[in-house]
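Here are a few friendly notes on the charged pairs in this model. Please keep the coordinates open as you read.

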Amino acid sequence: MTPIIKLCGGEDILSLERYSEKWRINRRVFQQTFRQAASSRFYPAQYNKIHEFLRQLLMTPDEFMQHTMKLSQALVYKGLYGLDVDSEDPLAKKAVKVMDTLGQALLPGAFPAYERFPFLRFMPSWFPGCRFKRIAIQCSQGVKEVDTIPFDIAMAHLRSGTGTSPIAELAIRKPQDIKAIKAMGTISYLASADTTMSSISSFLLTMCQNPDIQAKGRDEIERVIGTDRLPTFEDRQSLPYVEAIYREVMRLHPALPLGLPHVSIEDDFYRGYHIPKGCAVIPNIWAMNRDPDVYTEPDRFLPERYSESPTGPFESINNIYAFGFGRRVCAGRHMAENTIWLTIASVLATFTLGKAKDEKGNEIDIPGEYTDQFFRHPRPYRSSIIPRSAVARELVLATDTE
Ligand code: HEM
C-alpha cells in the first residue's frame, strides 16, 4: 500500500493491503461470501446476466465489446447487492472513474512531486506540485460513495422485505465487520469488472479466429445436452472440450499478465538468488503460461493439449495461474470461473462467431491486437456474431421471461 493509494481512499482494498491482522480479517469476510462452497449463491445472478448478454448479442452484435463490459459490471451488483445496475448508471460510472484514478495512482512516477516530497500532503491543493491532492480527495470521496450507496440500498431492501442479497445478510449476521463488508463490495467491483471482461473478450476473439475449435465446442454441447435448452452449471463435468477451451483462454490470455506485485516480508533465497526483505516480486504469469518445457507450441490456442493429461482439462483451479498464487490468490476466483465458463458454454450453444465482411463480401481480417496496460484487453475489432439456428434464436429470446 503506497501512501498515495491511502490518500486516495484505497486503504481497505484487499489486494493492495500488506499481510497483517487487518488483511486477515478482510480476507476472512471475503472468503465467507466467495468461497467455493458458497458460489452457488451467485448462480441466479449469473444465469440472469449471462442470458441478458446473449439477448444483447442477438439484438446489437456489433456492440459486443460494450455488452461484455456491461455483463462484467452488472454481475457484481446483481450477485452481491441484488441490484440491477446498468453501465450507464451514475454509480457504475463513478466506480469506473475511481478504478481509473486508483489504477493511475498505482503506477510508479504518477505523482512525482508527492513521491519525492511526502510532506506536500500537508500543503493546500493550490500549492505548486499539489495537484495530486485534488485528485486524491475526489477519488477518496468516490470510494466512499461506491462503498456506501449500493450497500445502503441493499440494506433498505432487506429491511423492507423487498429483496435480499449476500452482502445485506452478511451485514446483519456480522455487524462488527461492517467496514470490511462494505469494502468487500467495492473491491469486488474493482477486482472483477476488467478481469472478467478481459477473459470473456479473449474468448470471443479466439473463437472468431478459430472456427474449427468453435465448431468442436458447439458439437460437444449439441451431442451432450441437445439443442432444446441452454447449458447449465450441472453440465460442466460432461463437457470436457468446453472446459479445455476455458482453460486455454485463461492460460494464453491472463487478464493480469504480471499479476499483482508482492513484497517479501523476510530475506529469502530462490535458486541461488537473494531476495532481500522488502523487495517487490512481480510474478510473470505470462511467461509461466508459455513455458515451452510445460506446453508444446505454447503460443497456439490448443484445447486438445489437455486430453493428453491424466486429469484431462478438469485440473484444480489452483493450476490456473491467471488467478495468482498462495495465500494472496484471487479471492473471487470461484465466482469468476463460473461466470466465464457459463458465458463460454452459452455463447457456443447459441451463436456462430467469425470475421465480418466488407461491402464487397470479403472477410475483414482480425489483427488480434491487445492493449499492453496493467489489464490486458483485446483492442477493438469487427466481427460477425449470428445465431447458429432459428431454434437457438428462439432459445435466446425465451430467456427474457426468466
Ligand atoms: C477473470 C477474472 C479474474 C482474474 C483473472 C483475477 C486475477 C487476480 C489476480 C492475478 C490476483 C492477484 C493474486 C496474487 O497476488 O497472487 C487477484 C487478486 C484478487 N482478486 Fe481477482 N481476478 C478475477 C476476478 C475476480 C473477481 C470476480 C473478484 C471478486 C468478486 C476478485 C477479487 C480479488 C481480490 C479481493 C483479490 C485480492 C486478494 C488478496 O490480496 O488477498 N477477482 N485476482
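1. Which residue forms a salt bridge with aspartate 235? The partner is arginine 229, and the closest N and O atoms are 2.9 Å apart. Here a salt bridge means a side-chain nitrogen of Lys or Arg within 4 Å of a carboxyl oxygen of Asp or Glu. Aspartate 235 is buried at 8% relative accessibility, whereas arginine 229 is partly exposed at 32%. (Buried is under 20% relative accessible area, exposed over 50%, partly exposed in between, with a 1.4 Å probe and protein chains only.)

2. A word on the source: this is a predicted model, where local features need pLDDT of at least 70 and side-chain atom pairs count only at pLDDT 80 or more, while totals for chains, interfaces and linings use all residues. Residues are numbered from 1 along each chain as its sequence is written, and side-chain values use heavy atoms, leaving out hydrogens and water.

3. Lysine 49 pairs with aspartate 84 in a salt bridge whose closest N and O atoms are 2.8 Å apart. This pair links distant parts of the chain, with lysine 49 in helix α3 and aspartate 84 in the loop between α4 (64-81) and α5 (90-106), 35 residues apart. (Helices are DSSP runs of H or I, at least four residues, numbered from the N terminus.) Lysine 49 is buried, at 5%, but aspartate 84 is exposed, at 53%.

4. Arginine 41 sits in the loop between α2 (21-34) and α3 (43-59) and glutamate 169 in helix α8 (residues 166-173), so the pair ties together parts 128 residues apart in sequence.

Notes
Helix = DSSP H or I, 4+ residues; strand = E, 2+ residues; numbered from the N terminus.
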